[in-house]
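Please look over the sequence and the structure first, then read the notes below.

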Amino acid sequence: MFGASLFFPPLFKAVLLGFFFWLILHPLLRGWIYSGDIWHPTLLDFSLFVLCVAAALFLLGQGYST
């Protein structure tokens, strides 16, 4: 119970902020993602989302966003 209350809010904030980053980046990279030249489109799309969440968690940890 204590661990969930300690770690869930920062992760939840990072997922929400990362989702907004993803909403900005996804339309810009959609053609490249769905061309299938690099990787499977679903995996590339998911990895882009994970990178956005990681960047949001980094920014939240650095104090650039509240």
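H26 lies in helix α1; helices (H or I, at least four residues) and strands (E, at least two) are DSSP runs, numbered from the N terminus. This is a predicted model, in which local features need pLDDT of at least 70, side-chain atom pairs count only at pLDDT 80 or more, and totals for chains, interfaces and linings use all residues. Residues are numbered from 1 along each chain as its sequence is written, and side-chain values use heavy atoms, with hydrogens and water left out.

**H26 and its surroundings**
- H26 is buried because its relative accessible area is 8%, where buried means under 20%, exposed over 50% and partly exposed in between (1.4 Å probe, protein chains only).
- Apart from residues up to four places away in sequence, H26 touches I33, Y34, D45 and L48; contact means heavy atoms within 4.5 Å.

**The chain as a whole**
- The protein chain has 2 helices and 0 strands.
- Of its 66 residues, 17% count as buried.
- The accessible surface of the protein chain is about 5000 Å², and 77% of that belongs to carbon and sulfur atoms; the areas come from the Shrake-Rupley method with a 1.4 Å probe, and for residues only the protein chains shown count as cover.

**The nonpolar core**
- W22, I33, L44, L48 and C52 form the largest nonpolar core, which has 5 residues; such a core is a set of buried Ala, Val, Leu, Ile, Met, Phe, Trp, Tyr and Cys residues joined through side-chain atoms within 4.5 Å.
- Two or more residues of this core come from each of α1 and α2 (41-62).
- The largest share, 3 residues, is given by α2.
- C52 is in contact with G18, F21, W22 and L25, leaving aside neighbours within four places in sequence.

**Helix α2**
- The 22 residues of α2 reach 31 Å from first C-alpha to last, close to the 32 Å expected at 1.5 Å a residue; the expected span is 1.5 Å times one less than the number of residues.
- L44, D45, L48, C52, V53 and A56 are the buried residues of α2.

**L23**
- L23 is placed in helix α1 (residues 2-34).
- L23 counts as partly exposed because its relative accessibility is 39%.
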